[in-house]
Every structure is written in structure tokens, then in C-alpha cells.
Amino acid sequence: MAAAGGANLIPLVAAIIGIGVVSQVLSDRFQVPSVVFLIASGILLGPEVLGVISPDSFGNALQAIVGLSVAIIVFEGAFHLRIDKLREAPAATFRLVTVGAIIAFVATGVVVRYALGAPWAVSFLVGALLVATGPTVIAPILEVVPVRDRVGAALDTEGIVNDVTAAIVAVVIFEAILEGVSSPDALVTLFAERLGVGVVVGAIVAGSLYYALRYVDLSPGNAPQNARLLVLAGALVSYAAADYVATEAGIAAVATAGILLGNADVPYEEEISAFKGDITLLVLSFVFIALAALLDFQNLLNLGVGGLAVVAAVALVIRPLLVFISARGDRFTREEKLFMSFVGPRGIIPASVASLFAIALQEEATRLAAEGMAQQAAALNQSASVLVGTVFLVILTTVVFEAGLARQIAEYLDVIPMRVLIIGGGKVGRALAERLADRGENVVLIEEDQEVVQTARNMGFTVHHGDGADTSVLRSAGAANAKFVVAATGDDDVNLLVAQLANSKFEPESVLARANNPDNVEAFEELGVRTISSTIATAQALDNYIERPSMSNWMGEIGRSGDVQEVEVTAEKLIGRTIREVGPELPDGCLVTLVSRNGDTTVPNAEFTLQEGDRITIIGEREAVRDAEELVNPE
């Protein structure tokens, strides 16, 4: 097919956006990040395959289109970066964007230098660009892989912050290449100028938007719509204004504006978030497809074995090294560190900036050639080829294997926890959260009392500050993805309201409520709410200590040395076999005590035959029970 010309630009853009929407639908359907489909579509439409899109398709507008699109993408990601969320993994997050970024920058530059023989300046330019993971690839992964909040917070923050700093560092190095600057002082000055300009402009725009949204009459009838448009315009203005003052300072400006505005108490926040999410989907689709379509496979082939060595080093050595150094300590499990190590694909910022740099280098090479400096021109063309080829090779590889297989990697490493939402951060809520978190579950507390919130956070829990009986608070805390919702406050009226809201609005697998007054249990149950009476539960526990002291003492060790778990039978090798036959295959130190089938629960004898879907209760030593769970339900 012939490449699309300027006259066909409108239908071409419409087709790209349409493909982007279809990619999102496919992402939801197959639980694969949308960027995989977007890049595949871009390559298919590009000159290497169908030839629908070529470098001439967008004329001279591509740079401006990519710049404004990146502004919207970065602003949207920064807008959702909550300061409260950063408390979930503060030390690791800080190290990821400082120590981790430095390790990635220096190590990648050294590998590119020796694997590809590129000049030091070009090598470190590639290293700077490949620091960034970016919200454009991390966000789609976290949508289909519901990892623990502390992992998501660390990856989210790393992507947003490193997108900004990596782009600015890359611009400084690029300008140093063009201008022949090599002094460290001059490089630091260039970096500080762009970061400073971006922060100042972003803060001014954020302050202006906050004042307008809070105090200016936006026409009551259309206020939400006007608020959405105002914020979108603000994002674009902050990018353009900062970029006008200092090249590439626009990225720092939109990130600053997004973070400040997203953490301010602005009206219509929910409407703004939904609108910007839709706009981001469209521009993300356009940029990924357009840039992938401009990829020249020859640039990749020219890299040879050296290019593969760079990819292997970046993905399999440098990334794990920086993650394990940054996330040291006990906040992250070994499996979570491995997941963060092998799910760090590079995104739109490296792709777009590398493409624009390559175009600029080629233009400079053309000018030098016209002036008779053929050797210098050839060197710049070679640098452009190495730059684009290396960056795109790493992006393609990491997106296909890391983003495309993210869910499988998470399932293999068993880092997708059950999400439990507990309303009430008091002693009962915290005690339950501690037990669940100790088993590796993803627990989120909701608490209105600021002092209790701080206490729970100091204990290491993820806590949302707000009224648990408010639908918007429940939604922001993740009720839509919760498997269990537990109303554990000291107020029965609040617990009943929370239980009814959760059932009607979010439909979790199960809703549990604490009844502080035993007289309310029957009323709760009549409304379909599974209820635990604090008074009755305490009386039963005391009775157990009187009548069954050994069992009570052992039950007190659940979650520490002992454990009891109920698990569904899915392992084919166990189906159709008796308890007598299965027993020797179970780990030493655990037993099958109960079997539930079709709602009936029995104590099985040795000849009881297991069927697929049976739910068996395993009791025993903690580690033995965990191993038995894997045996019975290996999925």
C-alpha cells in the first residue's frame, strides 16, 4: 500500500485512534497490557509491513504532536500520584528514583559503550533514556496484575519521577553533544535550569488551576465539563510555556502541575480523573502506534550481537541489581523484588525522545555534509542509528516479554494477593489486618480518625483516610477489586451501612460485619450480612480456654507457628483419590480435617474420595500448610 499523504492525515489519525480503542478492549479481554497490542499495530501499519504510515505521513507536525501527547500522558500519571500512597514504600521508592536511577544510567551507558562501541556521550544518552520505565507501560500492567499496593506504589512512582528526570538528563546530554559541552559544571547547570524552570512553571499553573476550580464560578450547569477542559488546557499550557523558556523543561512542568493539583482538594476530582483517563488513552494510542510505525528494522539489525547483549544486560542484570539494592529490607518479599526486577518495560518517553533526537542528529548531519564535513556527518548518522536502534530494541523486547507476560510472571511468583478492605483502623481492624498481611494478603484499612490513621501507618499498614460509609472513599480505596469487605468499626450503624453499600455498589465475594451489640446480630443477618458478634466471639473464646485449653492455645498460634487454611482442590493428581492415598503426599506436619462439597461439610474418613471443586481444610504447622496449599491448588 502507498504511504498516506497529507490529504489522508485525518482518516489516518482516526484509524490510529480506533485501533487504540480496540487495543484497550483486547487488553481487558485477554488481560494483557494494551501497549503490546499498540506496538504490534504500529509495526503492522508501518513501512516494514503494510506501509500505511511512513515518516512523511505527518509532515513536520510529528514533533509537536508527540510533545503535546507526552504532556497529557505525564500529567495524567502525575495527577494520580498521591502523597499518601507514597508512604506505603517511602524508603524503597526514594532509592528507586535516586540510587536505582543512577545505577541504571551509569551501567547502561557502560554496557552500550563496550557492547556497541558507541562514543561515551551517545552511550550515556542511551543510558539516560533507558532509565525511564514510565506510567504509559506500568499503568496498563497494574490494571491487569493487581499486585500488593506497596509494589504498585513503588513502580508507579518510579515510572513518573524517572520519566521526568531521565528526559531532562537526556536533553542535557543531547545538547552537550550538539554544542560540544563536556564540563561537568556546564552539564549540572543545564540540568538545574530545565528542572527549575519546569518546577516553577508547573507550580504557577497548578496554583492558577486550583484557584479557578475552587473560587471561580464555572457556570453551575456545566461546571464539571468546564473543570475538565480547564485542567486539560492547563496541562498543555504548562508544557508549552516551560518548553518555550527552556527546551524539554515542559515535562518537568506538567509533572509538577499534575502532582500538586492531584494532591490538592479540588472540586470535580472524580470527573477530571475519568476525563483525563479517556484523553490519555487516545493520545497514548496515537503516539505508540505512530512511533512504532516509524521504526526501521535495519537499525535493529545493524546492532547485531552487541544489541542483544545490551538488552540482556539491561533486563536481566542491571534491572534486578538496582531493584534488590533499592528495595532492600523486609518491606518487600523476595518474590515481589523479583517481580519488580523482571517487569520493568521501557515506554513512550524513551521512544518519543529518541526519535526526535535522531531526527535532529540526521538534520545536523545533512548540514555538515553540505558543508563538506563528510566524516563528521557520517559519525552523527551512525550515532542516530545506534540511538534509535538500541532504545527501540530494548523497548520492543521488554514490552513483549515483560509487559506481555507480566500476569504470568506474577502468577508464577505468587505475588497477586487476595484484596481485603477493612473499614475501621482500631484495635480489631489492625489485629485482623496484621494476621492477613502476615499471610501475604493485600490489606487496605479505611479510617476517619487522623490519630488512628497515623498509628496504623506507623505499624506499616496501607491506610486510606476517610469515611468508610462514603461510596467515593470505598471506591478510591479499591472496593471494586476487593474480594472481602470487612466492616469492623465500633459503631453498629456504620458497620451495617458499610455492609449494605459494599453489597449494592461493589459486589465483593463476601461482606463481613462486626456487631458490637449482640442484639443486632439477628437484624444484620436478616439483611444478608454475615455478622460476627464481638461479645459472643469473646465468650466462645473464653469457653474454649476453659473446656478445650490445648486447642485454644494452639489456635492462638495461627499465623505464627501454626495455621489453618481452606483451599479448593484443583490438582488433577488428587482428584478421584482417597484421603488414605493422598495423606502420604502431604507435607509432614499437616492434616486434612474437613471437606466441604455442595454446601455440606464433613469430617472425612480414610476412604473419602476427593472430587474437583471440593474445599478442604488443612491444619498443621505453618510452613507445612503453605506447602500443602500449593500441592492441592497449584494454580
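Modeller: Helix axes here are lines fitted to the C-alpha atoms of the stretch in contact, and the angles between N-to-C directions run from 0 to 180 degrees. The helices themselves are DSSP runs (H or I, at least four residues), numbered from the N terminus. This is a predicted model, in which local features need pLDDT of at least 70 and side-chain atom pairs pLDDT 80 or more, while totals for chains, interfaces and linings use all residues. Residues are numbered from 1 along each chain as its sequence is written, and side-chain values use heavy atoms, without hydrogens and water.

Take α7 (residues 135-144) and α8 (residues 149-179) to begin with. Their axes lie 9 Å apart at an angle of about 165 degrees. The two helices are therefore roughly antiparallel (an angle over 145 degrees). α7 passes α8 in a left-handed crossing, meaning that the near helix is turned anticlockwise from the far one by less than a right angle; clockwise would be right-handed. P135, I138 and L142 of α7 meet G152, L155, D156, G159, I160 and D163 of α8, where contact means heavy atoms within 4.5 Å. This contact divides into five nonpolar, two polar and two charged residues. Ala, Val, Leu, Ile, Met, Phe, Trp, Tyr, Cys and Pro count as nonpolar, Asp, Glu, Lys and Arg as charged, and the others, Gly among them, as polar.

The axes of α3 (residues 62-79) and α10 (residues 223-245) are also 9 Å apart, at about 120 degrees. G67, L68, A71, I72 and F75 of α3 meet V231, L232, A235, L236 and Y239 of α10. By class, nine of these residues are nonpolar, one is polar and none is charged.

α6 (residues 120-129) packs against α16 at about 25 degrees, with the axes 10 Å apart. That makes α6 roughly parallel to α16 (under 35 degrees). α6 passes α16 in a right-handed crossing. V122, L125, V126 and L129 of α6 meet S383, L387, T390 and V391 of α16. Six residues of this contact are nonpolar, two polar and none charged.

A cavity is a set of points on a 1 Å grid where a 1.4 Å probe fits but cannot get out, and lining residues have an atom within 4 Å of a point. The structure holds one cavity of 30 Å³ or more, and about 60 Å³ of space lies in the largest cavity. Such a volume is the space filled by probe spheres set on the points, joined across faces, edges and corners. The lining consists of I39, F288, L291, A292, L295, A351, F392, I395 and L396. By class, that lining has nine nonpolar, no polar and no charged residues.

Notes:
On a 1 Å grid over the protein atoms alone, a cavity is a set of points where a 1.4 Å probe fits but cannot get out, and a pocket is an open set with protein on both sides within 12 Å along at least five of seven lines; lining residues have an atom within 4 Å of a point. Angles under 35 degrees count as roughly parallel, over 145 as roughly antiparallel, 65 to 115 as roughly perpendicular and the rest as oblique.
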